Amino acid sequence: MIDSLDSLREEMLARIEQSGSEAEIEQIRVEALGRKGRLTLLLRGLKDLPSDERPRVGEQLNALRQLLETRLQDRLQIVKAQQKEKALREEFIDVTLPGNRGESGHIHPLTLVIDEIIDIFRGMGFEIARGPDIEDDYHNFEALNIPKDHPARDMQDTFFVSDGRLLRTHTSPVQIRTMESRKPPLQVIVPGAVYRHDDDATHSPMFHQVEGFMVDGNIAFSDLKGVLTHFLQRMFSEKAGVRFRPSFFPFTEPSAEIDIQCVICSGDGQAIQQRYCRVCKGSGWLEILGAGMIDPGVFKFVGYDPERVSGFAFGMGVERIAMLKYGIDDIRLFFQNDLRFLRQFG
Ligand SMILES: [Zn+2]
C-alpha cells in the first residue's frame, strides 16, 4: 500500500510538472482526486484496513491529497501565466506601423465635368432637374416644335423602343416636363444621358448633355449672353474670348451657337512651333454650346402665354467639354473603363 502510494505520488507529480494546458491539468486532477479518482478510491479503501494501520495510512493519503492539490494549483497558475504571455506576444499590435490602405477609386472624368458645370450654374442660382431616359414622342419632339415631318428629326438618329417610346435624343424633354408642372420664374439645369444612333471617334451611342433654361417675365438675349459667357470663362479660362454665331434650332428663335477661343492654341489657329492646330482645325475657335430664346410655340405647348413670359435655353455635350478640357481625342475612352485611363483623373 505504502509502495503504491509512493509510485502514485511520483507519477502524478511528474505529470503535473509536464502538463502544458488548463485542460490537461483538469484531466490529471479528475484522474487523481475526482469522484472515481485513484487517490479517492484509496481513501475510500481505508475502512478495509486493519484498525492499527488506518491512522498512519490515512495521514499519508491526506498529505498526498494536499500535496497534489497544491501542485495542481501552482501548475495551473504557471500555465495561465504562460498562456497570457504567449497571447500578448502573438497578438501584439504595433500601432505605429503604417496601416493597410484600401485602394480608393477615382471619380470618372465625365462626372468631374458634370459636377463642375453644376457647381458653376448653382452659383448663379440655377436648380437641378432630372427626367426619364425613356421618353415619348411628344416630349422628345412634338412639344419642342419638331412635328412628325420636320427635317430636324433627321439630325437625331433615334433609338425606338416599344409602344412608340424612344430613348431621349436630348435632355430638352425635361425642359418641357418642368414647364408643364411649374410656373415661372424658372432657372433650371438638367444633366443626363442621351442616346443617338451614332458611333465613331467623336460620337458615342450614349453620351451626356447638360440642358439649361431660364424663364421669367422679362428675359432677354443679353441675359443669355451674360450667363453663358460667365459659365464658359469659369469653365475654361477667364481670358478666353467667347463668340456667338447665328444658328437654327426648332425650339429656339433666335438661335445661336457659342464658341470659345481654342484652349489648345489660345485662338491662334497655330499650335506650338507654328504647327496647324488640329483641335480647332486651324480656326482658333471651338464650338461648345447651342442656345437661343425659347420659341413662342414651345411656350404654347406647356400652357405659358408667350406674350407674358420669355426665356432662353441652352445645351452642351459633356463629353466634348471633357475632351477639350483634358485633351482627349477619342470619345470611346470614356466608356471602356480602362483603369490606366481612369486613374489619370485622381
Ligand atoms: Zn486651336
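**The nonpolar core and its helices**

Reply: The largest nonpolar core has 52 residues, and those with the most contacts inside it are Leu228, Ile288, Ala291, Ile294 and Phe312. The largest share of this core, six residues, is contributed by helix 8. Please keep in mind that this is a predicted model.

Once its neighbours within four places in sequence are left aside, Phe312 is in contact with Phe213, Met214, Ile219, Asp223, Leu224, Ala291, Gly292, Met293 and Ile294. Two residues of that list, Ala291 and Ile294, also stand among the residues with the most contacts inside the core.

From here we can turn to helix 8, which spans residues 221-235, and to helix 5, which spans residues 109-123: their axes come within 10 Å and cross at roughly 135°. Because of that angle, helix 5 is oblique to helix 8, and the crossing of the two is right-handed. On the side of helix 5 the contact is made by Glu116, Ile117, Ile120 and Phe121, while helix 8 brings Phe231, Arg234 and Met235. Sorted by class, the contact of helix 5 with helix 8 has five nonpolar and two charged residues, and no polar ones.

Helix 5 also packs with helix 10, at an angle of about 100° and with the two axes 9 Å apart. Helix 5 and helix 10 are therefore roughly perpendicular to each other, since angles of 65 to 115 degrees are counted in that way. In this contact Pro109, Leu110, Val113 and Ile114 of helix 5 meet Val318, Glu319, Ile321, Ala322, Lys325 and Tyr326 of helix 10. The residues of this contact divide into eight nonpolar, two charged and no polar.

Helix 10 itself covers residues 318-326, and its buried residues are Val318, Glu319, Ile321, Ala322, Met323 and Leu324. Besides helix 5, the buried residues of helix 10 pack against strand 5 (206-216), strand 8 (285-294) and strand 9 (310-317). After helix 10 comes Gly327, whose phi is positive, near 65°.

Which residues lie in a core apart from the one we started with? Another core, of eight residues, includes Ile25, Ile28, Leu64 and Leu68. To place these residues, look at helix 2 (residues 22-33) and helix 4 (residues 54-90), whose axes come within 10 Å and cross at roughly 170°. That angle makes helix 2 roughly antiparallel to helix 4, because an angle over 145 degrees is counted as such. Helix 2 takes part through Glu22, Ile25, Ile28, Arg29, Ala32 and Leu33, and these meet Arg65, Leu68, Glu69, Leu72, Arg75, Leu76, Val79 and Lys80 in helix 4. By class, the contact of helix 2 with helix 4 has eight nonpolar and six charged residues, with no polar residue.

Methods:
Residues numbered from 1 in each chain as written. Predicted model: local features only at pLDDT ≥ 70, side-chain atom pairs only at ≥ 80, totals over all residues. Axes fitted to C-alpha atoms, helices over the stretch in contact; angles between N-to-C directions. Helix = DSSP H or I, 4+ residues; strand = E, 2+ residues; numbered from the N terminus. Parallel < 35°, antiparallel > 145°, perpendicular 65-115°, else oblique. Contact = placed C-beta atoms within 7 Å. Nonpolar A, V, L, I, M, F, W, Y, C, P; charged D, E, K, R; others polar. Left-handed = near helix turned anticlockwise from the far one by under 90°. Core = buried A, V, L, I, M, F, W, Y, C linked by C-beta atoms within 7 Å. Buried ≥ 20, exposed ≤ 12 C-beta atoms within 10 Å, placed from the backbone.
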